[in-house]
Amino acid sequence: VLATLSFADSDLHSPPLLSTDVIVQKLMAANAQRSQALRGYSGKRVYHLDYHGIFGGHDAGMQVEATYTAPNRKEFKIVSESGSKLLINHVLLKLLSSEQEAQEEQNRKELEISPRNYDFSLVGTEHTPDRDFYVLAVRPKGSSKYLYRGKMWVDAKDFAVARMQGEPSRNPSLWVSHTEVEYRWNKIGEFWLPVYNQSETQVRMGGKAVLTIDYTDYQITGVNRAGPRSPGETSTLPNPAAVSADPH
């Protein structure tokens with residue numbers, strides 16, 4: 001009896017059984033709807049980078065105010081900097097430039113979560129006290145520097161990506177041997193926006209760089225209730241070059 005109740009309880013908390021294709025189609029449709037509605041937001045970020053290599057350890061930090069205006073404009077105001085100037089100039093500032101570069105139309109197409117860019121497969125479901133998720137494995141169809149290989153957690157109610165773990169489809173530079181990225185989103189009002197990123201980059205000549213980005217204090221500054229517009233912020237995964245650290 002206890003075993004039967006346990007299985008029944010598990011079924012009660014599992015999201016509806018859907019095929020991979022249906023989950024991906026619902027994800028794309030929901031992303032398109034949210035991105036058409038989201039016209040702007042502002043928020044704060046805290047970047048922190050720790051690098052340990054053959055020449056010792058170094059760290060750097062940066063606080064940034066970010067604003068997004070649909071469909072493709074991002075602006076950053078640096079509030080404070082601390083630590084290694086070398087890491088600030090050669091890593092942290094480059095992350096901001098890479099994120100702005102990814103907003104260009106052609107680059108955004110390569111960042112899209114779609115069957116054009118990825119092969120998807122359903123590997124399971126996950127239940128938490130707050131939400132249920134479909135867990136999808138994603139495999140890039142090409143070698144674009146904007147694609148990932150790994151897993152994503154899709155919210156079973158909103159069909160939004162809430163978490164992603166993986167690695168870039170190709171290394172950002174010859175100095176890097178491997179990079180692992182974890183990215184998390186939370187629901188802010190009606191929209192799913194990034195709240196945390198951590199990446200670990202292994203350097204070929206020895207050493208490791210750990211980057212964390214915390215996103216806080218979001219304010220939604222523009223919402224469109226009218227007809228369709230060009231896709232906005234929420235229809236893509238983050239540019240790997242903007243969330244992973246290459247200390248060289």
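1. Across the whole structure, a search finds 13 salt bridges, a salt bridge being a side-chain nitrogen of Lys or Arg within 4 Å of a carboxyl oxygen of Asp or Glu. This is a predicted model, in which local features need pLDDT of at least 70 and side-chain atom pairs count only at pLDDT 80 or more, while totals for chains, interfaces and linings use all residues. Residues are numbered from 1 along each chain as its sequence is written, and side-chain values use heavy atoms, with hydrogens and water left out.

2. One of these salt bridges joins lysine 74 and glutamate 99 at 2.6 Å, N to O. Lysine 74 belongs to strand S3 (residues 73-83) and glutamate 99 to helix H3 (residues 85-101), so the pair ties together parts that are 25 residues apart in sequence; helices (H or I, at least four residues) and strands (E, at least two) are DSSP runs, numbered from the N terminus. Both lysine 74 and glutamate 99 are buried, where buried means under 20% relative accessible area, exposed over 50% and partly exposed in between (1.4 Å probe, protein chains only).

3. A salt bridge also connects the side chains of arginine 131 and aspartate 155 (3.0 Å, N to O). Arginine 131 sits in the loop between strand S4 (118-127) and strand S5 (132-140), whereas aspartate 155 is in strand S6 (residues 148-155), 24 residues apart. Arginine 131 is partly exposed at 26% relative accessibility, but aspartate 155 is buried at 1%.

4. Glutamate 182 pairs with arginine 163 in a salt bridge whose closest N and O atoms are 3.5 Å apart.
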